[in-house]
Amino acid sequence: MERWQGKVAMVTGASSGIGAACAKALVCAGFVVVGLARRQERITQLQQEIPTRFRSNLHAFKCDITQEDKVREAFKWTLDRLGSGVDVLVNNAGIIATTELSANQNTDEIRSTIETNLLGTIFCTREAFNSMRERNVEGHVVIINSVAGLQVPNLGPDLPSLNVYPATKFALRAMNEIYRQEFQRHKTRVRITTISPGIVDTDILPTSIRTVVKEMLPSLKSEDVADAVLWAIGTPPNVQVHNITIKPMGEKF
């Protein structure tokens with residue numbers, strides 16, 4: 001990780017769960033980290049969980065990544081405040097709606113999931129990649145995906161529907177390959193990786209699902225996913241880590 005010392009990393013959805021774990025891990029690995037979240041105060045609280053010598057390298061910025069102008073503002077703030085563009089982007093923000101895909105009057109929930117999981121990733125990746133390309137630097141874009149983007153889990157009739165969530169995750173997997181091709185087309189030194197974890201003990205799952213899952217199924221910790229992110233970023237520049245799938249031991253999906 002020596003070549004990344006002092007470089008700038010941005011993490012979306014950094015206020016809790018996987019995003020918070022990634023922000024902490026990156027700071028402790030030597031990055032200057034900008035955490036984006038709607039709940040900015042939670043990122044500020046994360047500083048107390050980081051060794052004192054690293055705390056000043058974690059910055060919080062309030063941002064709704066579904067709003068294109070807010071994403072641009074976040075990248076401009078980063079450049080103005082830190083004097084450098086983003087070198088590593090971790091697209092982590094994502095949500096699951098509590099509805100059925102075929103339910104009536106579910107448009108707002110479905111749209112919100114698509115905008116957060118897909119458009120937010122597109123907006124952030126676009127800003128990060130163009131900054132890396134203009135500066136002609138080595139860069140890395142990471143997309144936190146899910147095993148639901150590899151195979152749609154069948155939760156059975158007793159648990160709520162995953163609705164459009166797996167569809168957004170399948171789309172992220174396709175986008176990963178499209179980005180790889182585009183980054184190569186422009187002869188850049190920017191790599192792209194998706195991390196597809198199984199069940200992770202976070203608050204992204206609706207309570208109705210999370211309660212049952214925690215009782216019946218094993219789960220990963222957010223730190224397990226953050227470790228995979230660090231490993232992917234730390235591989236040599238000539239290595240394209242396309243996708244990492246990690247599951248808890250004993251997972252049934």
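Student: What should I know about the model before reading values from it?
Tutor: It is a predicted model, in which local features need pLDDT of at least 70, side-chain atom pairs count only at pLDDT 80 or more, and totals for chains, interfaces and linings use all residues. Residues are numbered from 1 along each chain as its sequence is written, and side-chain values use heavy atoms, with hydrogens and water left out.

Student: How many helices and strands does the protein chain have?
Tutor: The protein chain has seven helices and seven strands; helices (H or I, at least four residues) and strands (E, at least two) are DSSP runs, numbered from the N terminus. Their order along the sequence is β-α-β-α-β-α-β-α-β-α-β-α-α-β.

Student: Does the radius of gyration of the protein chain agree or disagree with a compact globule?
Tutor: It agrees, because a compact globule of 253 residues would have a radius of gyration near 18 Å and the protein chain has 18 Å. The radius is taken over C-alpha atoms, and the globule rule is 2.2 Å times the number of residues to the power 0.38.

Student: And what share of the residues is buried?
Tutor: Buried residues make up 50% of the 253, where buried means under 20% relative accessible area, exposed over 50%, and partly exposed in between (1.4 Å probe, protein chains only).

Student: Turning to helix 3 and helix 4, at what angle do their axes cross?
Tutor: The axes of helix 3 (residues 68-82) and helix 4 (residues 107-135) cross at roughly 35° and come within 10 Å. Axes are lines fitted to C-alpha atoms, for helices over the stretch in contact, and angles run from 0 to 180 degrees between N-to-C directions.

Student: Which residues make that contact?
Tutor: Helix 3 contributes E68, V71, R72 and F75, and helix 4 contributes F123, C124, R126, E127 and A128; contact means heavy atoms within 4.5 Å.

Student: Next, T99: where is it, and is it buried or exposed?
Tutor: T99 lies in the loop between strand 4 (88-91) and helix 4. T99 counts as buried because its relative accessibility is 13%.

Student: What does T99 touch?
Tutor: Leaving aside residues up to four places away in sequence, T99 touches N106, E109, I110, S161 and N163.

Student: Where is N163, then?
Tutor: N163 is in the loop between strand 5 (139-144) and helix 5 (165-185), and N163 is buried, with a relative accessible area of 9%. With the same exclusion of residues up to four places away, N163 touches A97, T99, E100, L101 and I110.
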